[in-house]
Amino acid sequence: MKIYENAKFYTMQREGDFVRNVFVQDGVIQALDVDPEAYPDAERVDLDGKTVFPGFVDSHIHLLWYGQALDRLNLSETTSKREALELIRRRVADLEAEAWLFVEGYDENKWSDDATLLTRWDLDRVSETHPILVRRIDYHSVSVNSALIDAAKLVRQEVSGGEMVLDESGVFTGILRDNATYLATDRFPVPTNEAISAWLKLAVRDLWEKGVTGAHSEDLHYFNGFEGTLQAFRDTLSEDFPFRAQLLIHNAEFDVFEDSDERFMDGDSFVELDSMKIFYDGTVGSRTAYMSAGYHDNPEEHGLKIQTDEEFEKLVKRARKAGLPVAIHILGDAAFRDVIRMLKKYPPKTGQHDRMIHTPWLTDELIEEAKGMPLLFDIQPQFLSSDLPWALDVLGENHPPRAFAWKTLLENGFELAGGSDAPIEIPNPLYGIHAAVLRTANSDLTGKRYFETEALSVYEAIELYTTGSAKASYKPDSRGKLAPGFAADFTVLEADPFEIAKENLRSIKVAKTIVNDREVYPNEG
C-alpha cells in the first residue's frame, strides 16, 4: 500500500479537477484524497510539490525502430549534406573490410547546402567497398550505394506499392521508395531475439525518462516476424520491467496471426494486440502522399497508393472477418477520401473504432463525409512543427485547406489520440503538447502560428496522451485518468503546464515516471 502525496494530482476526469493525494494498492488506484491516518500501514511517498498526471502514453510509435535509431548512427540533427556524409565516412572508417552499414534518420529539409535526397553517387564518394544503406527520417525511402546494389543484386524492376527511382537517363539512382525499400533492408540479417530485447529496453528506458508509461507500436513485421517479435516483447515487458505496449498487426503478418491462438486485445497488462495495420500511401517528404491536387512543381504527380483498390478492399474484408478494426496510415487527402468510402462499405464491429493515422491534410467536405463514422484520429502534433513551412512549398497553393485540423475534428465529434511516430519525431509528449497548442515550426518555435484556429487548449492537448490514448486502446475505464480502479501509472512533472506560459510547455522537465506503482525513472537502472 502507498499514499502518493504532497503534489497536485490532475485527474483528467474534467478540466481543472485535481486532488492532493492518491492511495494505491497492487498497482491499482484505490481512492483519492484519503485521510493518511486511516491507513497507518501505507508507505507515504512525498512528491515534493510536483504536478502529477495519469501516465502519458504515446499512441503511435515504432518501439524497435526507435531503439535501433538510438543504437545506430543517426543523421537527424545534421544541417548539411556535407556533414551527413562526413559522419557516415567516420563510421565507415571503424568498420571491418566490406562490412555493411545501416544509417538512420536524415532529413534533407534541414540541409543548408544541398536539400536533395541522398543518391548512390553521394554514398559512393564515402565508400566503394562497404555496402551502405541510409534511411530517410520518414522511413518511406532509403538510399543505397553501388556496393550494396551489387551485394544485394538489386536489378531494375517494377515494385507494387513502391518505386526504384531512376534518373533522366533511366539509371537507378540508389533511391528506393515505400515497398521498394524492402529490396534493400531485407538483405540485412534477421536480428536475434536478444538483439530485439536490447533495442526494446533501450527505447523504453529513454521513454521513461520522457515521462512515457506506455505506447501503441507497430513492430511485428520488420524484425523476426510476428511470432518471434511478439515473444521478444513478452519476454521483455513485465512487472520487473514495466511498460504497457499495445501492438498493431501488420497486414503482411495476418496469415501467421490467423494461424496463431492470438486474438484482438489478447495479452496481459503489458503486451496486447490491436488492429490490422495498413499503409495506404506514403509521405509528403518522399512525395508519395496521395494528394488530389498533386505537387507544386508537377500537378500531375499525385503520389503513391501502396495498396490498389482491390488489395485494400481484400485487407479490410479480411480484418472484419477476423473481428478486427483497422489502423491505416494516411497522409494525403485523396487517400483519406478513398479509405473512408471503403470503410463505410465494411464498418467494424459495434464498440470498435478504426484508426486514422496521421491525416494532416483534409477538407471540410471530407470531414463532413466522415462524420458519424466510428473513427479515432491517431495524430502526431510534432508533424506540424517539422513539416511546416516546407510542406506548403512542396504541395503548393492548392494544398488541402484543413491542415492538421485537430480542433475541427474534435468539434465534429471525433476522438483524438496523440503520438510521436518515433523515431520520426522525438517521443516527448511535452513537445507534442507544445505543437498542438502553439502550432509553430521547429525553425521558429516562438514565431508564426500555422492554421492557428485549429489549435488545441492545453487541457485538450494533454488529453491526447491520457484519456485519448486510453480510448484508443479500449481502456477508458482503467487507464488515462486518476480514479479508483485505474492503473497506478503516473507522469510527475517539475512544473504545472496550466500555470506557465504556453511557449514554455516543451521546456517542462519530468521529475518521475511511475508504472504499475513502480518508480522506473529516475530509479530504474
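**Exercises: cavities and a hairpin**

In this predicted model the largest cavity holds about 220 Å³ of space. Here a cavity is a set of points on a 1 Å grid over the protein atoms alone where a 1.4 Å probe fits but cannot get out, and a volume is the space filled by probe spheres set on the points, which are joined across faces, edges and corners. Residues are numbered from 1 along each chain as its sequence is written. Local features need pLDDT of at least 70 and side-chain atom pairs 80 or more, while totals for chains, interfaces and linings use all residues; side-chain values use heavy atoms, without hydrogens and water.

**Exercise 1.** State which residues and elements line the largest cavity.

*Solution.* Step one: lining residues have an atom within 4 Å of a point. There are 24 of them, and Val-57, Arg-244, Arg-479, Gly-480 and Asp-489 are the closest to the centre. Step two: at least two residues each come from strand S11 (212-217), strand S12 (244-250) and helix H17 (467-472). Helices (H or I, at least four residues) and strands (E, at least two) are DSSP runs, numbered from the N terminus. S11 gives the most, 4 residues.

**Exercise 2.** Describe the second largest cavity.

*Solution.* Step one: its volume is about 30 Å³. Step two: its lining consists of His-358, Pro-360, Ile-379, Gln-380, Phe-383, Phe-404 and Trp-406.

**Exercise 3.** Describe how S21 and S22 are joined.

*Solution.* Step one: strands S21 (residues 510-515) and S22 (residues 518-521) run antiparallel, with 3 bridges; pairing requires at least two DSSP bridges. Step two: Thr-513 is opposite Tyr-521 in S22. Step three: the two strands form a hairpin with 2 residues between them, and Asn-516 in the turn has a positive phi of about 55 degrees.

Technical notes. 1 Å grid on protein atoms, 1.4 Å probe; cavity = no way out; pocket = protein on both sides within 12 Å on 5 of 7 lines; lining within 4 Å.
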